[in-house]
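Reader: I am new to this structure. Please take me closely through one part of it, the aromatic rings.

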Amino acid sequence: MATKPPYLLPKLPYPYDALEPYIDGETMRIHYTKHHQGYLTKLNYTLKELQNLPDSLEELFQNIVYYPAFLRNNAGGHWNHTFFWETLSPKPTKEPTSPLKKAIERDFKTLGNCIHEISTRAGAHFGAGWAWLCINEKSHHLTITTTQNQDNPFMYEKVERTIPLLGIDLWEHAYYLKYKNQRKDYIAAIWNVIDWATVSRRYQEVLENPPDY
Ligand code: MN3
């Protein structure tokens, strides 16, 4: 996200109720207008106080240990939710296209196995956070991870960087109105609105044009 602050709330690419019955309209409305907006408002407020910021949030995340936790939570909250809205679609493409399709077959044998593994990791995650499918920038292998709070894979320093392709919001605010404490039912349902065309495009973009942040 290579824009300068102040950051703006990105337009939701579909109406609040477009992902029903898998994600209900009231949850989407509160999630977007209250939670995402809340992170964004606090992010912009915090950025005003800081000097010498990097050019992008991704660069900031890679150096997040040098910044206050308040910035970590709100910058992560803004980036993660923007990424999440774009991953979902009321008319999703249900199958990945190559080269992601081939990568999934190489690393998980089938798409079903890949989804099962992400769901298992997501279901086992303790407390608030996110589940991710990532690409290893050097090997192009696919990896699955979960992060706490509003952290994302950019924030964990590694020799080989992993770049998110798909993220699932595991906070209770993402599902509690409809699914109550049944987080596994929410995780099972969300695959109905995950757009594999978007995930496939992200994979291809990293192969063709590795990000320079
Ligand atoms: Mn959320």
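**The aromatic rings**

Tyr32 is buried, because its relative accessibility is 10%, and buried means under 20% relative accessible area, exposed over 50% and partly exposed in between, with a 1.4 Å probe and protein chains only. Tyr16 is partly exposed, because its value is 31%.

The model is predicted: local features need pLDDT of at least 70, side-chain atom pairs count only at pLDDT 80 or more, and totals for chains, interfaces and linings use all residues. Residues are numbered from 1 along each chain as its sequence is written, and side-chain values use heavy atoms, without hydrogens and water.

The whole structure has 15 aromatic pairs. Rings of Phe, Tyr and Trp (its six-membered ring) pair if their centres lie within 6.5 Å; planes under 30 degrees apart are stacked, over 60 edge-to-face, the rest tilted. Tyr16 and Tyr32 form a tilted pair, 6.1 Å centre to centre, with 50° between the planes. Tyr16 lies in the segment before helix H1 (25–47) and Tyr32 in helix H1, 16 residues apart. Helices are DSSP runs (H or I, at least four residues), as are strands (E, at least two), numbered from the N terminus.

Phe61 and Phe154 are stacked, because their ring centres are 6.3 Å apart and their planes are at 20°. Phe61 is in helix H2 and Phe154 in the loop between strand E2 (142–148) and E3, so this pair ties together parts 93 residues apart in sequence. Phe61 counts as buried at 0% relative accessibility. Phe154 is buried too, at 3%.

The charged end of Arg202 sits over the ring of Phe83, 3.7 Å from its centre; the criterion is CZ of Arg or NZ of Lys within 6 Å of the ring centre and within 35 degrees of the ring normal.
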